Amino acid sequence: MTEAATVRRSRITPEREAELYRAVLDLLREVGYDALTMDAVAARTKSSKATLYRQWGGKAELVVKALRHEKPSAGDADTGSLAGDFHALVMREDDCRMEQNSALMRGLATALHGNPDLLKAFRELIIEPETVELRRVLERAVARGEIRPDNPAQEYVLHMLIGAFAVRGVIDQRPPTRAFLTSYVDAVILPALGA
């Protein structure tokens with residue numbers, strides 16, 4: 001990143017940045033990724049399009065950074081047990097927020113597969129950090145002796161969590177909830193890990 005870009009980025013306060021991200025996610029929910037434009041974001045946030053491009057480079061980065069901003073960290077859930085850590089992860093968001101995010105992710109799924117820039121940004125800013133954070137949770141469990149270090153299910157925990165979150169609406173025609181995800185963790189993930 002150039003020094004000039006760093007200076008420009010510093011002009012936006014954290015409060016303004018959060019406001020912009022909320023507006024982007026609201027627009028995304030209203031019109032979907034393909035119909036979302038930088039012009040619409042600029043109009044909604046009373047920003048210049050040039051400022052948005054300077055700050056975020058383009059629509060894909062802006063959308064994914066907005067998603068990342070709204071996502072609580074997984075790595076700070078350290079309760080002293082693997083079950084407690086997973087339950088804490090599930091409790092990060094209330095049921096209403098989970099329902100909104102589930103709908104948002106369903107809407108983004110097609111766009112992710114059809115847009116290489118969006119997929120790249122999503123992998124770099126959402127998937128890779130989530131993988132690192134989840135790995136820390138699992139490493140703590142290994143260190144505590146709760147799971148074997150060579151358990152192959154460790155590589156699939158993120159897949160299992162995303163799968164439960166994403167397909168509940170398809171299979172059960174209901175949004176994911178804290179109760180459902182807690183039950184899923186206890187019935188599927190913990191046994192798969194041997195915990």
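The side chain of N151 reaches the backbone nitrogen of A153 at 2.7 Å, a polar contact in the sense of a pair of N or O atoms within 3.5 Å, where within protein one must be able to donate a hydrogen and the other to accept it, and residues adjacent in sequence count only if both atoms are side-chain atoms. The model is predicted, with local features needing pLDDT of at least 70 and side-chain atom pairs counting only at pLDDT 80 or more, while totals for chains, interfaces and linings use all residues. Residues are numbered from 1 along each chain as its sequence is written, and side-chain values use heavy atoms, with hydrogens and water left out.

- N151 sits in the loop between α8 (116–143) and α9 (157–171), helices being DSSP runs of H or I with at least four residues, numbered from the N terminus.
- N151 counts as buried because its relative accessibility is 9%, the cut-off being under 20% relative accessible area with a 1.4 Å probe and protein chains only.
- Apart from neighbours within four places in sequence, N151 is in contact (heavy atoms within 4.5 Å) with A192, L193 and G194.

**Helix α2**
- The buried residues of α2, among them L20, Y21 and L28, pack against α3 (38–45), α4 (49–56), α5 (59–70) and α7 (95–114).
- G32, which follows α2, has a positive phi near 85°.

**Annotated region**
- The unreviewed UniProt entry annotates residues 37–56 as "DNA-binding region", and such annotations may be inferred rather than shown by experiment.
- Residues 37–56 are 80% helix and 0% strand, with end C-alpha atoms 13 Å apart.

Note on methods. Helix = DSSP H or I, 4+ residues; strand = E, 2+ residues; numbered from the N terminus. Buried < 20%, exposed > 50% of the residue type's maximum accessible area, 1.4 Å probe, protein only.
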